[in-house]
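Please open the model in a viewer and keep the selection panel at hand.

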Amino acid sequence: MELTQKFLYQSNYWYNDGLERAKVRDMSGAIRSLKHSLKYNRDNVPARNLLGLTYYGCGEAAEAVIHWIISRSIQPRDNLANYYIKRIQQSPNELERQKQAIHKYNQCLAYCRQNGEDLAIIQLKKVIASHPTFLKAYQLLGLLYLTGKEYSNARQVLRKAHKLDNANPITLRYMYELNRVREKKPIRLKENKPQTVSYSVGNETVIQPANPDSKEKARISILLNLLIGAVMGVAVLWFLIIPQIQQSKAFQTNDDIVAYSDEIASQNAEISALKTELDTYRNASEESESAKETAKSTQASYELLLKVKEQYDSQTVSNADMAESLGEVNREALGEGAKALYDTLVEVIYPSVLETRYTSGKASYDVAEYETAAASFQGIIDIQEDYNEGKALLYLANSYARSGDTDKAEEVYQKLLDLMPDTDIAAKAQKGIDGDIPEVEDTQ
Amino acid sequence: MFDFEEEIKKFQPSLEVADIENAIRDEDLTDLRDILNELLNQIK
């Protein structure tokens, strides 16, 4: 076999090896194998394309593009590299993002060499956020976390790096270091207490739990859990369910109130209408009653007037009795002729009656029979209030005052004051109101 | 724990997109066949 043929075989062998590794995401192993392949045959297009793809998978876009361009120059047609290059050209934003991320990563490397680790960490976080397949960025960030003893962060970052390239020596080394640090941490071991206690009773061996309180603790724990559950249930009931129920009740009550209000309003309206109707009937009834009364009164007044007229003509009845009958006549109910007759009778009967009563009352007053006197004077006042220039009223008031009925006395004094103001007799009435019973100057 | 200063030396700057042209130009495409031919030429 020719040597060059052997080189081609070797190239293919390493290509196959690289392909196998790339399939299981052993990227660094694949890159190594594919580089071997190309050392045997630089024109191995599939190996070069795969190398480019592997670099791209690790976030090294520029490296990938180099190999695809070389591949295309070797085989311009029917080359997968054309497709890759075309895809990159179709997404310029993506390429720009990766370009910026790579640039920032290189800056971070510079920061690290100038003791600017904090700044590098901040920058690297941004790098992996914008370019999530950039293996080197994860590795560098992992290294920074490791040296900064931020092991949890280091673990997270290195896991992602491991997913991108699962056999990368740098990643594996850092993970190894991380595990070593974890193993060095003291682990608190539980005290190895015996779990059971054994003892013999006769021929039998009894085994019991070592901790006698364990059952009690378990019981307490169950009770505690039940209590917590109950409290939570009550809390849920109190804060969620009851407000809901109350709200719905409030809504229902409001609806009921509105319904009742409407009903009450309609009933009120009905009552009002009925009241109005009733008032109408009552008024009508009162009017008819009044008319009836008036008719009665008119009839009685006429009858009385006729009776007095007959008595006066026959002269069989005293003036006092006739005056009494006349007093019961309702003058306003009479017609014009009857009124004239009434006035005539009054003019002839009353003066003598009034005089008689005045004389009688005065006589009773003089002998201190004040109640009798008051009755006589009251008979005068019923017919003519200002009789004898108010003296009848003054006598009446004095009679009440002297008989001890001060309220009535005061009432009559006040009546006199109102009836005849600014007169001598009014001054006397005022004196009576003030508690000093006045003398009546009477020449009659 | 490893030495950070030593470790950081292992990290090389990534190839930037702007440098692709130069990188292609500088890419060593020599393979074993080229070396073999060179050797044969020298023997001759």
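**From the contact to the cores**

In this predicted model, begin with the contact between the two chains, to which chain A contributes 31 residues and chain B 22 residues. On chain A, select α1 (3-23), α2 (27-40), α4 (61-74), α6 (92-113), α8 (135-147) and α10 (169-184), the elements that each supply two or more residues to the side touching chain B. Colour α6(A) separately: with 9 residues, α6(A) gives the most to that side.

Next, display chain A on its own. Chain A has 17 helices and 2 strands, and 29% of its 444 residues count as buried. Among the contacts in chain A with a separation of 6 or more, 47% join residues 24 or more positions apart.

Now turn to the largest nonpolar core, which has 52 residues; A:L34, A:L124, A:A137, A:Y138 and A:L141 touch the most other members. Select α8(A), which gives the most to this core, with 9 residues. Then colour domain 1 (3-90) and domain 2 (105-182) of chain A: both give residues to this core, so the core lies between them.

Centre the view on A:L141. Leaving aside residues up to four places away in sequence, A:L141 touches A:I121, A:L124, A:I128 and A:V157.

Terms used. Residues are numbered from 1 along each chain as its sequence is written. Chains are lettered from A and ligands numbered from 1 in the order in which they are written. This is a predicted model: local features need pLDDT of at least 70, side-chain atom pairs count only at pLDDT 80 or more; totals for chains, interfaces and linings use all residues. Two residues are in contact if their C-beta atoms, placed from the backbone, lie within 7 Å. Helices (H or I, at least four residues) and strands (E, at least two) are DSSP runs, numbered from the N terminus. A nonpolar core is a set of buried Ala, Val, Leu, Ile, Met, Phe, Trp, Tyr and Cys residues joined through C-beta atoms within 7 Å. A residue is buried if 20 or more other C-beta atoms lie within 10 Å of its own, exposed if 12 or fewer, and partly exposed in between; C-beta atoms are placed from the backbone. Domain bounds come from an automatic or database domain assignment.
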